[in-house]
Amino acid sequence: MTKIARKAGIPGALLAAAWPFAGIGGPGPVDRLLRDGFEPPFVYRLDDGAGNVNIGPPSSFDPDMLWGNYFAVAPGAEVVTAIEVAFGATFPSLANGPVTFWLLVDADADGDPRNAFAVASVQATPDVSGNAFYRVPIPPTRVQGAIFVGASARLLGGQDRPARVDTDAPADRSWFFYAPDIAEVIDDLASAPFGTRMDNPQFVPFPGGFMVRATGQPDN
Ligand SMILES: [Ca+2]
Ligand SMILES: [Ca+2]
């Protein structure tokens, strides 16, 4: 991670100093599952439903930002059917286009998505912020090993803070990346000019997990 950060030439202090955060969240609604004869979909998630930090790039550049979570594929949830993301209130200026929702597979399942590859992507324009999740169905996609689920958007540095974080969640499975064009590096995130995990104190003053989820169902 440090190597990648150095490659980008982005001073850590600059990122840290410009790191915005806002909005202390209250307790989220309790998830209630209806059990009327079929199993509800499995939800891949790190957060507890209540986020408290929103992050985005510093004012020194206007990148395409990808943020997302890494999950081992769970038995009975091998077919991913939807991605759910909660956004910061300072949503990307829509002048720069919609959000892209990504599903990647990490074939070596080693905990590091930087050699994962995209197996599905959908563009959409979220209409919620805070702890409300925006749900995007994707073509049902069978996955193996491990997945990285995320969202990317072109941002105005110092203004847009779309990546909502729950600091109660583990930070060692959330990653974010900056690039001029995320689509160009999505199958080789190691080549992104900047990338870090959310437990890297050099770049992340408020470690936590992104409010990014996916739903899966059995491969029948
Ligand atoms: Ca929380
Ligand atoms: Ca890997």
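Start with the open sheet: 4 strands in the order E1-E13-E4-E7, with antiparallel pairing. Strands (at least two residues) and helices (H or I, at least four residues) are DSSP runs, numbered from the N terminus. Two strands pair if DSSP finds at least two bridges between them.

This is a predicted model: local features need pLDDT of at least 70, side-chain atom pairs count only at pLDDT 80 or more, and totals for chains, interfaces and linings use all residues. Residues are numbered from 1 along each chain as its sequence is written, while chains are lettered from A and ligands numbered from 1 in the order in which they are written.

Select 42-44, strand E1, then 133-142, strand E7. Each stands at an edge with a single partner strand, so one side of each has no neighbour in the sheet.

**Strand E4.** Select residues 79-86 for E4, then residues 212-217 for E13. These two pair in the antiparallel sense over 6 bridges. Zoom in on valine 85, which stands opposite valine 212 in E13. Next, pick glutamate 84; arginine 213 in E13 is its bridge partner.

Now turn to E7. E4 and E7 run antiparallel, joined by 7 bridges. Select valine 79 to find its bridge partner in E7, arginine 142.

Is E4 mostly covered or uncovered? It is mostly covered, with 6 of its 8 residues buried (20 or more other C-beta atoms within 10 Å of a residue's own, C-beta atoms being placed from the backbone).

**Zoom out.** Show the whole protein chain: 3 helices and 13 strands. Of its 220 residues, 42% count as buried.

Methods: Buried ≥ 20, exposed ≤ 12 C-beta atoms within 10 Å, placed from the backbone.
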